[in-house]
Amino acid sequence: MGGGCIGASVAFHLAGRGLGVVLVDKGHIASGATGHSGALVRQHYEARLGIRLARESLGFFQRFAAETGFSCDFRTTGFLSGARTRDVPAFDALLGLMQQEGVRAVRLTPGEATSAEPSLDASDYEALVYDPDAGYADPIATATGFARAAERRGATVLEGRPVRSIVTKHKDVTGVRLPGAGLIETERVVLAAGNWTAALARPLGVRLPIRFVRGDVAILRRPIGFGPPPKIHFDFYGNTYSRPDADKDTLAGYMDTSPRKTIARHELADDSVPARTVRDLRSRLSKRFPSMERSQPRGGWSGVYDVTPDAYPIVDAAGPRGLFVAAGLSGHGFKLSPALGRLLAEYVATDRTPEGIAPLRTSRFQERAPVRPEAPFPARRGDRLP
Ligand SMILES: Cc1cc2nc3c(=O)[nH]c(=O)nc-3n(C[C@H](O)[C@H](O)[C@H](O)COP(=O)(O)OP(=O)(O)OC[C@H]3O[C@@H](n4cnc5c(N)ncnc54)[C@H](O)[C@@H]3O)c2cc1C
């Protein structure tokens, strides 16, 4: 259930194992958070678990066409982020963790960074990390590519078909009910319905600790003379992340969740981005890339993140036998979708929890065993989502 990047990836990987798969979405493929995603693919994670899932997924994005037969339009941009003097110990610990995990990240001085990124003001940074392999993809092409490739492997894809309920008998899943189409009988249901998952799971006795956070994205046309397209930049001090968008634009959003942005509902009545938010993002970004003061707003959008208490996903079997959930993808769902789809498909097919997702079990919050950063971000303030 759910044709976002997660459900479509699971369908692709399940079909690859020769299982009979029906992928159902109430709207169209990528009509949920996936269609609103910034779609950054970086390996800059504070925990080995995140780095490993991100590394596997990045490799898949790089091979997407060979793996699926479709393009996800992955573009390698490189990734830069800096630390001020007081944060250098945390910076070095994080860089060391990534290097131990095989990420090709290197430490740059501000001078080296501005040679590579001439439009950047790095004057307040003591050191920067550069990962040459990071990039971004087209999230709609990615989910669609997974879904079409699943079809080629024999899956059925149903769009515009909301699942009303998951049907159980004697604590076993027996099917899903669609309006007008009766029951699709099945022993296994993967509930990957993004922001709708918690409400769909509740009638089955599954409580998922998920809250909703608004995410705003602005598209800014870079001024003539800006120079080469910028790399992905995480600015923890200015609370912005940015990446190039196609050839001439920059996409920018906020790094941190703010309690002010936690929202009661899982859907926005209006997903347009307020003009004052675009102005705020432009002004923040201009402190890091001064010539962006002359950038031209070209629009943007707002979406909703589904966030767990440790800001890591829940990927697990839950409730009645045969039910699996992938929910609370927080700010990671896009970039981790290839690896999470593979691992969840393995779980569904074998009934054995793959080691790579065992820490993402639902019970970790009651067990007081959340995913903990091994090398917390320098200058971290609050949760970080993109
Ligand atoms: C503004 C923003 C920026 C982001 N930037 C990044 C980023 O840079 N990098 C990154 O990795 N992640 C990013 N994310 C997070 C990422 O986009 C999400 O984690 C990811 O898209 C979640 O995918 P999903 O498949 O779980 O959910 P979704 O994409 O929401 O898919 C769920 C699907 O389920 C369907 N559905 C719901 N109810 C039913 C039902 N009853 N029956 C059938 N279908 C149903 C919906 O129609 C939807 O298509 C961002 C998110 C936002 C909001």
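Visitor: Which residues of α1 are buried?

Guide: A residue counts as buried if 20 or more other C-beta atoms, placed from the backbone, lie within 10 Å of its own, as exposed if 12 or fewer do, and as partly exposed in between. Helices (H or I, at least four residues) and strands (E, at least two) are DSSP runs, numbered from the N terminus. In α1 the buried residues are C5, I6, G7, A8, S9, V10, A11, F12, H13, L14, A15 and G16. That makes twelve of the twelve residues, so α1 is largely enclosed by the rest of the structure. This is a predicted model, in which local features need pLDDT of at least 70, side-chain atom pairs count only at pLDDT 80 or more, and totals for chains, interfaces and linings use all residues. Residues are numbered from 1 along each chain as its sequence is written.

Visitor: What do the buried residues of α1 pack against?

Guide: Two residues are in contact if their C-beta atoms, placed from the backbone, lie within 7 Å. The buried residues of α1 pack against β1 (22–24), α3 (64–68), α6 (139–152), β12, β20 and α9. Just after α1, G18 takes a positive phi of about 85°.

Visitor: How is the length of a helix checked?

Guide: The expected span is 1.5 Å times one less than the number of residues. For the twelve residues of α1 this gives 16 Å, and the end C-alpha atoms are 16 Å apart, which agrees. The 14 residues of α6 should span 20 Å, and the end C-alpha atoms of α6 are 20 Å apart, again in agreement.

Visitor: Which residues of α6 are buried, and what do they pack against?

Guide: P139, T142, A143, T144, G145, F146, A147, A149 and A150 are buried in α6. They pack against α1, β1, α3, β8 (156–158) and α9. G154, which follows α6, has a positive phi near 110°.

Visitor: Where do the buried residues of α8 fall around its axis?

Guide: An α-helix has 3.6 residues a turn, so residues three or four places apart point the same way. The buried residues of α8 are V278, L281, R282, R284, L285 and R288. Seen down the axis of α8, they fall within an arc of 165° (taken from the directions from the helix axis to the C-beta atoms), so they line one face of the helix. The face turned away from that buried side carries the exposed residues A275, R276 and R279. Cover for the buried residues of α8 includes β13, β14 (232–235), β15 (240–245), β16 (249–253) and β18.

Visitor: Which way do the residues of β20 point?

Guide: L323, V325 and A327 point one way from β20, F324 and A326 the other way, and all are buried. With five of the five residues of β20 (residues 323–327) buried, the strand is largely enclosed by the rest of the structure.

Visitor: Which strands are joined to β20 by bridges?

Guide: Two strands pair if DSSP finds at least two bridges between them. Three bridges join β12 (residues 189–191) to β20, and these two run parallel. In that pair, L191 stands opposite V325. Four bridges join β19 (residues 314–317) to β20, and these two run antiparallel, with V315 opposite A326. The hairpin of β19 and β20 has five residues between the strands, and G319 takes a positive phi near 65° there.

Visitor: How many residues surround the ligand?

Guide: A residue is near a molecule if its C-beta atom, placed from the backbone, lies within 6 Å of it. Here 40 residues surround the ligand, and the closest are G4, G32, G194, G303 and G333. The elements that give two or more residues to this shell are α1 (5–16), β13 (211–221), β18 (296–307) and α9 (333–350).

Visitor: How do the shell residues divide by type?

Guide: Ala, Val, Leu, Ile, Met, Phe, Trp, Tyr, Cys and Pro count as nonpolar, Asp, Glu, Lys and Arg as charged, and the others, Gly among them, as polar. The shell around the ligand has 19 nonpolar, 18 polar and three charged residues.
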